[in-house]
Amino acid sequence: MKVLGKEDTNQEKKNVNYLTAKEVRRISRENRKTTDEFEKTRERKNVSVDEYTTIMKNNDNLMEVENLHTYFFTDIGIVKSVSGVTFDVPKGKTVGIVGESGCGKSVTSLSIMQLVQRPQGQIVEGQIRFDFDEYIYDLAKIPNEKMQQIRGNEISMIFQEPMTSLNPVFRIGLQVDEVIELHNHGMSKEKIKNRTIEMLDMVGIANSEGVYKMFPHELSGGMRQRVMIAMALSCDPKLIIADEPTTALDVTIQAQIMDLLRNLKNKINSSIMLITHDLGVIAEMADFVVVMYAGKVIEKGTAKEIFHNPLHPYTVGLMASRPKIGGLKAGKLYSIPGSVPNPVDMPDYCYFKDRCNRSMKKCNGAYPPEIYVSDTHMVACYHYLDSEEEKHD
Ligand SMILES: Nc1ncnc2c1ncn2[C@@H]1O[C@H](COP(=O)(O)OP(=O)(O)OP(=O)(O)O)[C@@H](O)[C@H]1O
Ligand SMILES: [Mg+2]
């Protein structure tokens, strides 16, 4: 067996795959100290409203996420799942969030809902300003007690796998009734049932009276997802977060569910945050697009800007990796080489540099700044710095 010298040990420490038991103990001790402090702040009772009341930068926005950092304090180190995410969700609009698996899309949406796995997962920095009409709160600072009233009432979420969100031992009707009752105190049993049936009709369930009496396992995946959408809509939320709502379904059902969401979008006043790998879906539904890479927003803009004029080499790669029907040449599908860097050990230069086909000298420097090429179109890439000298020095 190789005996490690002092130098070797230091090297080992840097490599997250080879931590000594002592190192792991030290890390978890430090983690506990940090997370305990965050938890203490979150659990406080009777917190003054002033502490989390804020103002919007732009009153047309329903939500403004600014410089959001959500970390997981794990035994192998700090996983910086979301590190400095900034984007707006305007009132009544749909914002699509795209990016490779593991880039922090779900952690961003869970941060908004305050559903990040605690205590190891914590929002460590940033603001999530949300307009509730009479007041504007910062969801990143709001105490647990208050968040419980908001979750599922003003903001609701449609998850990827509906079976895990429905309780298998209760009938569908009862589960939707429960949500409606929770948000409409004092409503009569009959009225609640009528509203449930109405919601089931609205999401395109033909036999709504029959489905009301069924158990989740008696429904197909697509039907279950429709029920989940009915539940999410039943409290008339200001924001609906749909995190890959169709990934668990087959393609024809996926298309039906997307059609449903598209139709509902025009009927309701809610804003939608749509997270998906499917650029086709984003192109059809989203007004604005946010492209994420390794916990950061690398490009954002209106759907038109992103689809007609993608700037970041990663976005260009994403567009190129889309299957096209009826293209002139049916070539091999493009894939971006390499993989996302390890979130425990991020480089201090552009996170995409090692996979980028346009990287240059400047890219070895600090992480690129946010560059606005129009009022709405932002890209974080040195290629778009204004002056040529700045680009090359
Ligand atoms: N509970 C957790 N503990 C530790 N790390 C986590 C936890 N949850 C998520 N992560 C890490 O955070 C990063 C972002 O994960 P996230 O689930 O947000 O990705 P995503 O963009 O939603 O991916 P996908 O498209 O596959 O759903 C990943 O590297 C993941 O491993
Ligand atoms: Mg996800």
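Me: Where does Pro119 lie in this predicted model?

Reply: Pro119 is placed in the loop that runs between helix 3 and strand 4 (121-131). The model is a predicted one.

Me: What makes the peptide bond from Arg118 to Pro119 worth a remark?

Reply: The peptide bond from Arg118 to Pro119 is cis, and its omega is near 5 degrees. For context, most peptide bonds are trans.

Me: Why is Asn46 called exposed?

Reply: Asn46 has 6 other C-beta atoms within 10 Å. A residue counts as exposed if that number is 12 or fewer, and therefore Asn46 is exposed.

Me: How do you know that Asp133 is exposed, and what is its phi?

Reply: For Asp133, 7 other C-beta atoms lie within 10 Å. The cut-off for an exposed residue is 12 or fewer, so Asp133 falls in that class. Its phi is positive at about 70 degrees, although Asp133 is not a glycine. Asp133 belongs to the loop between strand 4 and strand 5 (136-138).

Me: Why is Asn184 called partly exposed?

Reply: Asn184 has 14 other C-beta atoms within 10 Å. Exposed would require 12 or fewer, and buried would require 20 or more; Asn184 is therefore partly exposed. Asn184 sits in the loop between helix 6 and helix 7. Its C-alpha atom is separated by 29 Å from that of Thr246, which is 62 residues apart from Asn184 along the chain.

Me: What makes helix 6 roughly perpendicular to helix 7?

Reply: Helix 6 (residues 172-183) and helix 7 (residues 189-202) pack at an angle of about 110 degrees, and their axes are 9 Å apart. Angles of 65 to 115 degrees count as roughly perpendicular, which means that helix 6 is roughly perpendicular to helix 7. The crossing in which helix 6 passes helix 7 is right-handed.

Me: Which residues of helix 6 and helix 7 meet?

Reply: Helix 6 contributes Gly173, Val176, Asp177, Ile180 and Glu181, and these meet Ile192, Lys193, Arg195, Thr196 and Met199 of helix 7. By class, the residues of this contact of helix 6 with helix 7 are four nonpolar, two polar and four charged.

Me: Why is helix 6 called roughly parallel to helix 9?

Reply: The axes of helix 6 and helix 9 (residues 221-233) come within 9 Å and cross at roughly 20 degrees. Angles under 35 degrees count as roughly parallel, so helix 6 is roughly parallel to helix 9. The crossing of helix 6 and helix 9 is right-handed. In the contact, Ile172, Val176 and Val179 of helix 6 meet Val227, Ala230 and Met231 of helix 9. The residues of the contact of helix 6 with helix 9 comprise six nonpolar, no polar and no charged.

Me: How do you know that helix 9 is roughly parallel to helix 10?

Reply: Helix 9 and helix 10 (residues 251-267) have axes 10 Å apart and pack at an angle of about 20 degrees. The limit for roughly parallel is an angle under 35 degrees; therefore helix 9 is roughly parallel to helix 10. Helix 9 passes helix 10 in a crossing that is right-handed. From helix 9 the contact takes Gly221, Gly222, Gln225, Arg226, Ile229 and Leu233, and from helix 10 it takes Ile253, Gln256, Ile257, Leu260 and Leu264. The contact of helix 9 with helix 10 has six nonpolar, four polar and one charged residues.

Me: Which residues are buried in helix 13 (residues 313-320), and what covers them?

Reply: Pro313, Tyr314, Thr315 and Leu318 of helix 13 are buried. The cover over the buried residues of helix 13 includes strand 3 (94-98), helix 11 (279-285), strand 9 (288-293), strand 10 (296-302) and helix 12 (303-308).

Me: Which residues come nearest to ligand 1?

Reply: Among the 16 residues around ligand 1, those that come nearest are Ser81, Ser101, Lys105, Ser106 and Val107. Strand 1 (61-74), strand 2 (77-90) and helix 3 (105-113) are the elements that each give two or more residues to this shell around ligand 1. Helix 3 supplies the largest share, three residues. By class, the shell around ligand 1 holds five nonpolar, 10 polar and one charged.

Key:
Residues are numbered from 1 along each chain as its sequence is written. Chains are lettered from A and ligands numbered from 1 in the order in which they are written. This is a predicted model: local features need pLDDT of at least 70, side-chain atom pairs count only at pLDDT 80 or more; totals for chains, interfaces and linings use all residues. Axes are lines fitted to C-alpha atoms, for helices over the stretch in contact, and angles run from 0 to 180 degrees between N-to-C directions. Helices (H or I, at least four residues) and strands (E, at least two) are DSSP runs, numbered from the N terminus. Angles under 35 degrees count as roughly parallel, over 145 as roughly antiparallel, 65 to 115 as roughly perpendicular and the rest as oblique. A crossing is left-handed if the near helix is turned anticlockwise from the far one by less than a right angle, and right-handed if clockwise. Two residues are in contact if their C-beta atoms, placed from the backbone, lie within 7 Å. Ala, Val, Leu, Ile, Met, Phe, Trp, Tyr, Cys and Pro count as nonpolar, Asp, Glu, Lys and Arg as charged, and the others, Gly among them, as polar. A residue is near a molecule or strand if its C-beta atom, placed from the backbone, lies within 6 Å of it.
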